[in-house]
Amino acid sequence: LLKLYRDSESPSEKEKLGAVIGLSSDVKVLAKVLDFSISKEVRVHDTPQIVSVVASNRKGRDMAWNFFKKNWALFMERYMAGNVLFNFIGSVTAAFNREEQARDVDKFFMRYPFLAGRTVRQCVDNINTNAAWLKRDENEISQYFRYMMAAQHPHLFLQHYVEPLFLAHFIQQVGIFTSILW
């Protein structure tokens, strides 16, 4: 997919490829995708989408957060104007569902209280809500998905809930489930 991205002349095709290149289950590939996202080969305004897709991936979630923190100065420089930076913060942390992740996000942004106070507060609240919900309902959710996957026609379940065109959106929307299933 990286080769297709590099070879594409079409901005819309690159945007579509950017939405899926971070869905690999191979952590080595995900590391390459993250590094690629800030290279000169990627338009500056496409970087947040690529990093966010990796962050929506169970295998890449923590890797993307560490990458985001490591490259914080670059991201501040690139996206400080407008809401891009705030949206970027939200999308990188959207799939978090553990209390220690909430503490890490809070701790990281304590150094920048002037910058993203409300956004960070919302992200931390969302993470804590996800963690509480997961703690409360993890067994039932896990049993439901295991039942559906083991049903006589699991391919119908997958087609209905995880069609290829909607895979990235599905994973982002149900980030909590990805930590249970995969």
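Residues are numbered from 1 along each chain as its sequence is written. Because the model is predicted, local features need pLDDT of at least 70 and side-chain atom pairs count only at pLDDT 80 or more, while totals for chains, interfaces and linings use all residues; side-chain values use heavy atoms, with hydrogens and water left out.

View 1. Helices (H or I, at least four residues) and strands (E, at least two) are DSSP runs, numbered from the N terminus. Of the 182 residues, 43% count as buried, meaning under 20% relative accessible area with a 1.4 Å probe, protein chains only. Among contacts with a separation of 6 or more, 69% come from residues 24 or more positions apart; a contact means heavy atoms within 4.5 Å. The accessible surface comes to about 10,600 Å², by the Shrake-Rupley method with a 1.4 Å probe, and 56% of that surface belongs to carbon and sulfur atoms.

**View 2. Helix H5 beside helix H8.** Here the axes of H5 (residues 61–70) and H8 (residues 99–109) come within 12 Å and cross at roughly 5°. Axes are lines fitted to C-alpha atoms, for helices over the stretch in contact, and angles run from 0 to 180 degrees between N-to-C directions. The crossing makes H5 roughly parallel to H8, a label for angles under 35 degrees. On the H5 side, look for Arg61, Asp62, Trp65, Phe68 and Lys69; H8 brings Gln101, Asp104, Val105, Phe108 and Phe109. Together the residues of this contact divide into five nonpolar, one polar and four charged. Ala, Val, Leu, Ile, Met, Phe, Trp, Tyr, Cys and Pro count as nonpolar, Asp, Glu, Lys and Arg as charged, and the others, Gly among them, as polar.

**View 3. Leu30 in helix H3 (residues 27–37).** Leu30 is buried, at 0% relative accessibility. Leaving aside residues up to four places away in sequence, Leu30 touches Gly22, Ser24, Val54, Asn57, Lys59, Gly60 and Met63. Ala55 lies 25 residues from Leu30 in sequence and 9.8 Å away in space, C-alpha to C-alpha.

**View 4. Ser56 in helix H4 (residues 47–56).** Ser56 is buried too, with a relative accessible area of 3%. Its side chain reaches the backbone oxygen of Val53 at 2.7 Å.

Notes. Parallel < 35°, antiparallel > 145°, perpendicular 65-115°, else oblique. Buried < 20%, exposed > 50% of the residue type's maximum accessible area, 1.4 Å probe, protein only. Polar contact = N/O pair within 3.5 Å; in protein donor to acceptor, adjacent residues only side chain to side chain.
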